Every structure is written in C-alpha cells, then in structure tokens.
Amino acid sequence: MASLIKDRSPSPQLDVEINLLRDLLRDLERVRTGQHPGRRILADAPVLENWEVTVRTEPCLKGIVHGHPRIQDRRTTITSQLWLLAPTLGYARTLSRFYALGEPAFGPEDHH
C-alpha cells in the first residue's frame, strides 16, 4: 500500500503495514531455512478453493532514472511497488529503494 507523506511529522498510519511486513519477513526467513508451516498453522488458515495465479495493479512510479545501480542513466523505467510518496520532501520509497524526486511529469494544474 502506498502512503502519502505530507510533512516531516511522525507517520503512525504506517504501523499496520510495518507489522504485516514484519510477519511476512519472519515467515520468509523460516521457509528459507526449511521451516515450512505445519498442520497446526495450516489448520487455522483460510482455505482457498478453485485458485489460480493472477495479477493486480500496484502503485509504482514511472520516470527517467539517473544513478540507478542496475539501470542505465536517462532510461525510462517503472519502479517496484510504491510504499511512500513524499513529493514535498523530495523522495519516494519503493519496495527496493529510496528515490530522490526531481520534477514531476505534470504540474498540479495538469492533473484532472
């Protein structure tokens, strides 16, 4: 979920996301070491019938990148999932990294 950061004050609205991500990280680390969920955990889990893999749209940013460790300068790129957007503070945080924000593609008067 992307959160809009308006100023430098604390952002307690991030507590829910932080807790979800901590739980995910804990579970990923356990599976990485071979500690897969057992019968007890799966017995308490919801059951998903007739399931299939699909995709859903996640917020991200698109722009011309400079100084990226793996993408050539002046290339148009799409970021990983957007988590924080703080345009007045000049930054965004995606799943993989912080970005310093330059000029937006459109000014406030251009958004309809």
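Which residues are linked with Asp23 in a network of salt bridges? Before you select anything, keep in mind that this is a predicted model, and then colour Asp23, Arg26 and Asp27, which are the residues linked in that network.

**Stop 1: the charged network**

Begin with Asp23 and Arg26, whose side chains meet in a salt bridge with 3.4 Å from N to O. These two residues lie 3 residues apart in helix H1, and therefore they are separated by about one helical turn. Side chains of opposite charge can pair when their charged atoms come close.

Asp23 is partly exposed, with a relative accessible area of 37%, while Arg26 is partly exposed at 36% and Asp27 is partly exposed at 34%.

**Stop 2: a nonpolar patch**

Next, select Leu21, Leu24 and Leu28, which together make a nonpolar surface patch of about 260 Å². Leu24 is found in helix H1, which covers residues 15-32, and this leucine is partly exposed, with a relative accessible area of 44%.

**Stop 3: another salt bridge**

How many salt bridges does a search of the whole structure find? The search finds 3, and one of them lies between the side chains of Glu58 and Arg56, which meet at 3.0 Å from N to O. When you select this pair, consider the accessibility of each partner in turn: Glu58 is partly exposed, with a relative accessible area of 30%, whereas Arg56 counts as exposed at 70% relative accessibility.

**Stop 4: the sheet**

Strands of a sheet pair through backbone hydrogen bonds, either parallel or antiparallel.

To see the parallel sense, select E1 and E4, which pair in that way over 2 bridges, and notice that Leu4 stands opposite Leu85 in E4. To see the antiparallel sense, select strand E4 (residues 82-86) together with strand E5 (residues 91-94), which pair over 4 bridges. Along this pairing you can pick out Leu82, which stands opposite Thr94 in E5, and Leu84, which stands opposite Arg93 in E5.

Is strand E4 mostly covered or mostly uncovered? Strand E4 is mostly covered, as 4 of its 5 residues are buried.

**Stop 5: the hairpin turn**

Finally, follow the chain from E4 to E5, where the hairpin has 4 residues between the strands. Select Gly90 in this hairpin, and you will be looking at a residue that takes a positive phi near 80°.

Definitions and conventions:
Residues numbered from 1 in each chain as written. Heavy atoms only, no water. Patch = residues over 30% accessible without salt bridge, like charges linked within 9 Å, V, L, I, M, F, W, Y side chains within 5 Å. Areas by Shrake-Rupley, 256 points an atom, 1.4 Å probe, with all protein chains shown as cover. Salt bridge = Lys/Arg side-chain N within 4 Å of Asp/Glu carboxyl O. Buried < 20%, exposed > 50% of the residue type's maximum accessible area, 1.4 Å probe, protein only. Pairing = 2+ DSSP bridges.
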